[in-house]
Amino acid sequence: NHTDQGGRYAFDQQPAVAHWNLQALAVALTSFIATEDLSAALNTYPARFEKSVFAHLTRKLGLFREMEGDQSLVIDLLSAMKKGEADYSLVFRRLSGISSPKKQALWLDLFNRAGRELAQAWLTSYQARLEKEKDPKRPAKMDAVNPKYVLRNWVAEKAIRALEDEGDVSVLNEVFSLITDPYQEEGNKAYAAPPPPTMANIALSCSS
């Protein structure tokens with residue numbers, strides 16, 4: 001959001017913002033529910049959130065049997081992604097097909113030079129972990145929870161410009177079709193890519 005220069009609503013701040021919103025809701029409910037009960041419920045949030053997020057991320061990684069070391073594997077990947085400035089959606093989507101050296105290289109290409117070494121080390125650990133999973137349906141399961149197409153700012157802007165500037169509704173229809181079924185493999189693969197350099201800094205407003 002172009003009005004949020006301090007990063008209050010940045011991705012990594014969402015858990016804390018959600019907790020704050022729940023606290024605001026609790027204040028609004030004090031006329032109906034005892035304060036002690038509201039506080040007790042709010043205090044369960046951090047642990048419940050952490051457990052839920054961990055379960056979600058392990059599914060995205062194709063780890064459906066919980067094992068020792070999985071939490072470290074998740075944390076190490078997020079650290080590598082942050083340092084390597086890797087695209088969040090594509091990192092998880094491309095992991096489902098890393099069985100070949102070519103696809104491994106495509107996955108590593110998502111990381112900049114600063115994060116490439118961390119990503120390579122993580123990939124080695126991840127492949128060793130997959131050997132313990134041994135689930136032939138793992139790639140399909142991963143693709144079912146990792147969208148290939150998301151409504152990126154630049155994609156939305158392209159559809160808007162085509163419609164408003166040229167009266168062309170075809171781009172909007174194509175984008176709508178993709179985000180209605182974002183896990184599909186088919187489609188215009190350009191819309192699954194990070195933004196081109198000329199559209200990398202598109203910012204939204206609250207009314208967008």
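R93 is a buried residue of this predicted model, with a relative accessible area of 7%. Its side chain meets that of D143 in a salt bridge, with 3.7 Å from N to O. D143 is partly exposed, at 22% relative accessible area. Side chains of opposite charge can pair when their charged atoms come close.

The structure holds 11 salt bridges. Another of them joins R129 and E133, whose closest N and O atoms are 2.8 Å apart. Both residues sit in helix α7 (residues 113-133), where a spacing of 4 residues is about one turn of the helix. R129 is buried, with 7% relative accessible area, and E133 is buried too, with 4%.

Helix α9 (residues 153-166) contains R161 and D165, again 4 residues apart, or about one turn. Salt bridges that share partners also join R93, D143, K148 and E185 into one network. The side chains of R161 and D165 meet in a salt bridge of 2.8 Å, N to O. D165 counts as exposed because its relative accessibility is 53%, over the 50% cut-off. R161 is partly exposed, at 31%.

The surface also has a nonpolar part. L151, F176 and I179 make a nonpolar surface patch of about 300 Å². F176 lies in helix α10 (residues 170-180), and its relative accessibility of 55% means that F176 counts as exposed.

Technical notes:
Residues numbered from 1 in each chain as written. Predicted model: local features only at pLDDT ≥ 70, side-chain atom pairs only at ≥ 80, totals over all residues. Heavy atoms only, no water. Patch = residues over 30% accessible without salt bridge, like charges linked within 9 Å, V, L, I, M, F, W, Y side chains within 5 Å. Areas by Shrake-Rupley, 256 points an atom, 1.4 Å probe, with all protein chains shown as cover. Salt bridge = Lys/Arg side-chain N within 4 Å of Asp/Glu carboxyl O. Helix = DSSP H or I, 4+ residues; strand = E, 2+ residues; numbered from the N terminus. Buried < 20%, exposed > 50% of the residue type's maximum accessible area, 1.4 Å probe, protein only.
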